[in-house]
Amino acid sequence: MTAAGPRADGERTAAPHAADSHDLIRVRGARENNLKDVRVDLPKRRLTVFTGVSGSGKSSLVFGTIAAESQRMINETYSAFVQGFMPTLARPDADLLEGLTTAIIVDQEPMAANVRSTVGTATDANALLRILFSRFGQPHIGSPNAFSFNVASLRASGAITVERGDRATVRRTYTVAGGMCPACEGMGRVSDIDPAQLYDEDKSLAEGAITVPGYKADGWSVRIFTASGFLDADKPIRDYSETELHDFLHREPTKVRIENTNLTYEGLIPRVKKSFLTKSREALQPHIRAFVDRAVTFTDCPDCGGTRLNEAARSSRIAGVGIADACAMQISDLAAWVRGLDEPSAAPLLGALRDLLGSLVEIGLGYLSLDRPSGTLSGGESQRVKMVRHLGSSLTDVTYVFDEPTTGLHPHDIQRMNDLLLRLRDKGNTVLVVEHKPEVVAIADHVVDLGPGAGTSGGEICYAGDVAGLRASGTRTGRHLDDRAALKKTVRTPTGALEIRGAAAHNLRDVDVDIPLGVLVVVTGIAGSGKSSLVRESIPAGAGVVTVGQDAIRGSRRSNPATYTGLLDPIRKAFAKANGVKPSLFSPNSEGACPQCNGAGVVYTDLAMMAGVATPCEECGGKRFQASVLDHRLGGRDISEVLAMSVAEAEEFFAAGEARTPAAHTVLGRLADVGLGYLALGQPLTTLSGGERQRLKLATHMGEKGGVYVLDEPTTGLHLADVEQLLGLLDRLVDSGTSVIVIEHHQAVMAHADWIIDLGPGAGHDGGRIVFEGTPADLVAARSTLTGEHLAAYVGA
């Protein structure tokens, strides 16, 4: 093309500038996880939605390939010294990645569940408020640290020698004014531990008297008690003297020498507090959480009233409001209070605070308060809190990457989220969204559909183009995009009721409700209306409830579906019985592990600030076991071949013949029921998608004893086609005699319910009330609530 050419009207037109030709992100030969040499072009400065069944490879393409390479290349611009402090990122397995821009990832990873982390600290709103009160609060009490519940007050005095020619000794007094409540150390709560839950008084330490998780009779945790010299290891605890019982439970840290090693002995209660109570309850493993719930009673600190702040910090006020009052306000109310402040000398600070609080309200989180612990936020709330800092950003030509941003949103709120995504695009940014909701797919400029199946059956591009083309494409997503569940013609009859009286947790307004039993109940309402407070926190104890929440599965690269579900235990015992050896031989994390790679299957080489390299183990060939272990067989297969099986193959394998193992077959049946038949038993948990993890957790909880199941948004991460399978599973649970209560926003689940409880009418202090109870058909006919209007539109009524 020439620089300019004649036009019919005689004018000359310039050729496009070379810099304007880079309008595509090009991916060639992507092979991360299950991707099969994926080749795709994505338009820049457009909204692209990635669809496909759970496990089809969406996250592998968007997060594991495009976003990962962008972040890795940005990290490489820093010096080697700085990179040493940053997370190391491996180069994605792809032939070519071109046209990348800076990627900002807003994923569903839960926020830090530290007990000291709140919405205020996570968004920096607390930092701005502390500066405001340190400048304008009356009485004036000190710097911003004086309003921080993470800073303790400190006083020190003594003599120091200053060497300046003639050495002079002077006395100095050093003080730091912190805001931490000294009684609860800024936690806001005090704990009371029931000693009866820590030990069995009829046993001695040598017999395993301590019942705290991790305290085995032959372990180091107990040996420090038995060898300390303070206690008799063979005496039952009920026979301890007053001094011995004090030393056992409450003794202050004391240096002792055990087996030629200097150690610190400490009473059991302070050790339990340090081990289990310094983390948020939500961050604890399930068995430890059950122990804490059983042994520990938490109450608001009587000194600070749960505000975490000392008396001085609470006494300073602006316009009659203290910082503790401000943090306890609903954010929408706090935003109004800040707008009413008139301090010209603090204009930049107030402007930043107004913008931040306004963004939280705009994004649909105005019902939260700044003192809300971040560990209690749902996945959707966490993601929106992370989004806040990007809403007012002046950056353009950035790639924003979102992982199901509509998680936890009522249909009424999804339109607001769509507007935010479009606004980010219209500022000149590339927006990549992994999503299943048809409402979000509908606003896309470009759609990439992966599949056709999940796991090894997926990892291919089934369609790339506009939404109209997707509908006509015949792909699984295209066929299901306009699916609409119909209202039930007949509903089940309840067999009883679960009574909740005077529920007042969080924003609930003294709610009385009878939840029908023996049927499928859906509890719905807009985000923040009080659904989880009603179902998860108000159901009386002892009701036989099994709760499947949104908390993420935590697991290392050594964890897999077989270990997480407990499936490996019956398999190991079956192998041991068939071969006359110990079960521990058949665990890659125990005696049977390959000595070269310690059962990992790969050898990791740490390269400091460079990404580490994983090389298949030459000793075991990646099978993770010693060669001698693989000589033992069950039904003609060795343990590594069994772990390489899919759930469907293993279900058939353990059903009959020499390998028949009823305990293993039961667990595999549950995994197949939730649609994970394609998953390999030994696949690392770190490679599973969000939807796969959600269903894996559901399958595990299905084995627990309980007459009532509470499921918190089980459709999270599920494709439209997978929702049908979930509805079938819920029906089977109810038909088997189990009562199922589902907290859900998905209209297909609402339409399928026998009974709906709708909370509202708004969020925060505008919610907390029952606005409807009845059948889905009655809700649609009445259209008296936001949920009723959206459900009526969904079913075409």
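**Entry 1: salt bridges**

I looked up lysine 274 and found that lysine 274 counts as exposed, at 52% relative accessibility. Here buried means under 20% relative accessible area, exposed over 50% and partly exposed in between, with a 1.4 Å probe and protein chains only. I note that this is a predicted model, in which local features need pLDDT of at least 70 and side-chain atom pairs count only at pLDDT 80 or more, while totals for chains, interfaces and linings use all residues. Residues are numbered from 1 along each chain as its sequence is written, and side-chain values use heavy atoms, with hydrogens and water left out.

Which residue does lysine 274 meet in a salt bridge? The partner is glutamate 266, at 2.9 Å from N to O. A salt bridge is a side-chain nitrogen of Lys or Arg within 4 Å of a carboxyl oxygen of Asp or Glu. Glutamate 266 counts as buried, at 12% relative accessibility.

I searched the whole structure and found 30 salt bridges. One of them joins arginine 317 to aspartate 325, with the closest N and O atoms 2.9 Å apart. Arginine 317 is partly exposed at a relative accessible area of 35%, and aspartate 325 is partly exposed at 36%.

I then turned to arginine 536 and aspartate 712, whose side chains meet in a salt bridge of 3.2 Å, N to O. This pair links distant parts of the chain, 176 residues apart: arginine 536 lies in helix H18 (residues 531–538) and aspartate 712 in strand S26 (residues 708–712). Helices (H or I, at least four residues) and strands (E, at least two) are DSSP runs, numbered from the N terminus. Arginine 536 is partly exposed at 39% relative accessibility, whereas aspartate 712 is buried at 4%.

I also recorded a network of salt bridges that links Lys488, Arg492, Asp731, Asp735 and Asp754.

**Entry 2: aromatic rings**

How many aromatic pairs does the structure hold? I found 12. Rings of Phe, Tyr and Trp (its six-membered ring) pair if their centres lie within 6.5 Å; planes under 30 degrees apart count as stacked, over 60 as edge-to-face and the rest as tilted.

Phenylalanine 575 and phenylalanine 586 form a tilted pair, 5.2 Å centre to centre, with 35 degrees between the planes. Phenylalanine 575 is in helix H20 (residues 568–579), and phenylalanine 586 is in the loop between H20 and strand S24 (602–607), 11 residues apart. Both phenylalanine 575 and phenylalanine 586 are buried.

The centres of phenylalanine 653 and phenylalanine 654 are 5.0 Å apart and their planes stand at 80 degrees, so this pair is edge-to-face. I found phenylalanine 653 buried at a relative accessible area of 15% and phenylalanine 654 buried at 1%.

Ring pairs also link Tyr199, Phe225, Phe230, Tyr240, Phe248 and Tyr265 into a cluster.

**Entry 3: charges over rings**

Arginine 189 lies over the face of phenylalanine 298, at 4.1 Å from the ring centre. The charged end of arginine 308 sits over the ring of phenylalanine 149, 4.9 Å from its centre. A charge sits over a ring if NZ of Lys or CZ of Arg is within 6 Å of the ring centre and within 35 degrees of the ring normal.

**Entry 4: a helix and a distance**

I located leucine 349 in helix H12 (residues 347–362). Leucine 349 is buried, with a relative accessible area of 17%. The C-alpha atoms of leucine 349 and isoleucine 741 are separated by 46 Å, and the two residues are 392 residues apart along the chain.
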